[in-house]
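Biologist: I would like a close look at a single part of this protein. Please start with the overall picture and then zoom in.

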Amino acid sequence: MKKALPVGVDNFQKLITDGYYYTDKTLLIKELLDLKGEVNLFTRPRRFGKTLNLSMLRYFFEDTGNAQENERNRELFRGLGIMEAGESYTGQMCQYPVMNLTLKSAKQENYETAYYMLRSAIASEFGRHRAVVQNGKDLTEAAEYERYMRIADGKRVRRRSAAPCCCFPNVCIRLQEKRP
């Protein structure tokens, strides 16, 4: 049976589990780790796989806080190039908190709707990490924890407090520092 082409599919898990045709791009992970860049810029034309590649990075690097889910994510890479790259690469699997935010939802007809959609996307992503942050509550500062939870609940954060872009990295750093 022929595999379907993944037209419009930008989620790595869906692409692999639903059996779509896939050209292995997992050695991009090795390349990124070898480059050791603090910041990486992905420039490609529209509809050229940027979101799919970022989704692949998320499933590779993210520690979901759930051992079974982490194992399912590892299984997505079985038989792909990165698994042959060696322990120094595969040892990075499921080790980090990952914020996966696309701006696709912000493309709206007016500013108010775009702003609402972007806030919703941020709240959804913060909510996705809620269990990890709750499990590490005693490792974070109370104000950071409360700010994080307000964002995850879709509530406004006072302008004088740190913006969402500061809150997530701060909480992640605290949790990573305290990790056994």
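This is a predicted model: local features need pLDDT of at least 70, side-chain atom pairs count only at pLDDT 80 or more; totals for chains, interfaces and linings use all residues.

What share of the 180 residues in the protein is buried?

Modeller: Buried residues make up 29% of the 180 residues. The secondary structure comes to nine helices and zero strands. Read along the sequence, the pattern is α-α-α-α-α-α-α-α-α. The protein exposes about 12,200 Å², and carbon and sulfur atoms supply 52% of that area. Take the contacts between residues at least 6 apart in sequence: 63% of them join residues at least 24 apart.

Now helix 6. It covers residues 111–128, which is 18 residues. At 1.5 Å a residue the helix should span 26 Å, and its end C-alpha atoms are 26 Å apart, so expectation and model agree. N110 caps the N-terminal end. A side-chain oxygen of N110 lies 3.3 Å from the backbone nitrogen of E112.

Which residues of helix 6 are buried? They are A114, A121, A123, E125 and F126. Take F126 first. M99 is 27 residues away from F126 in sequence, yet the two C-alpha atoms are 7.9 Å apart in space. M99 itself lies in the loop between helix 5 (87–90) and helix 6. Its relative accessible area is 30%, so M99 is partly exposed.

E125 is the charged name on that buried list. Its relative accessible area is 8%; the cut-off for buried is under 20%, so E125 qualifies. Side chains of opposite charge can pair when their charged atoms come close. E125 forms a salt bridge with R128, with the closest N and O atoms 2.4 Å apart. Both residues lie in helix 6, three residues apart, about one turn of the helix. R128 has 31% relative accessibility and therefore counts as partly exposed.

D153 forms a salt bridge with R130, the closest N and O atoms being 2.6 Å apart. That pair links distant parts of the chain. D153 sits in the loop between helix 8 (142–152) and helix 9 (164–177), while R130 sits in helix 7 (residues 130–135), and 23 residues separate them. D153 is partly exposed at 42% relative accessibility. R130 is partly exposed too, at 23%. The side chains of R78 and E75 also meet in a salt bridge, at 2.7 Å from N to O. R78 counts as exposed at 63% relative accessibility, whereas E75 counts as partly exposed at 38%.

Last, the nonpolar cores. The largest has 21 residues, of which F12, I29, M56, F60 and F77 touch the most other members. Helix 1 (12–17), helix 2 (27–35) and helix 3 (50–61) each supply at least two residues of this core. Helix 3 gives the largest share, six residues. Leaving aside neighbours within four places in sequence, M56 is in contact with F12, Y22, K25, T26, L28, I29 and F77. Apart from this core lies another, of eight residues, including V133, Y145, Y148 and V171.

Note on methods: Residues are numbered from 1 along each chain as its sequence is written. Side-chain values use heavy atoms; hydrogens and water are left out. Helices (H or I, at least four residues) and strands (E, at least two) are DSSP runs, numbered from the N terminus. The expected span of a helix is 1.5 Å times one less than its number of residues. Buried means under 20% relative accessible area, exposed over 50%, partly exposed in between (1.4 Å probe, protein chains only). A polar contact is a pair of N or O atoms within 3.5 Å; within protein, one must be able to donate a hydrogen and the other to accept it, and residues adjacent in sequence count only if both atoms are side-chain atoms. A nonpolar core is a set of buried Ala, Val, Leu, Ile, Met, Phe, Trp, Tyr and Cys residues joined through side-chain atoms within 4.5 Å. Contact means heavy atoms within 4.5 Å. Accessible areas come from the Shrake-Rupley method with a 1.4 Å probe; for residues, only the protein chains shown count as cover. A salt bridge is a side-chain nitrogen of Lys or Arg within 4 Å of a carboxyl oxygen of Asp or Glu.
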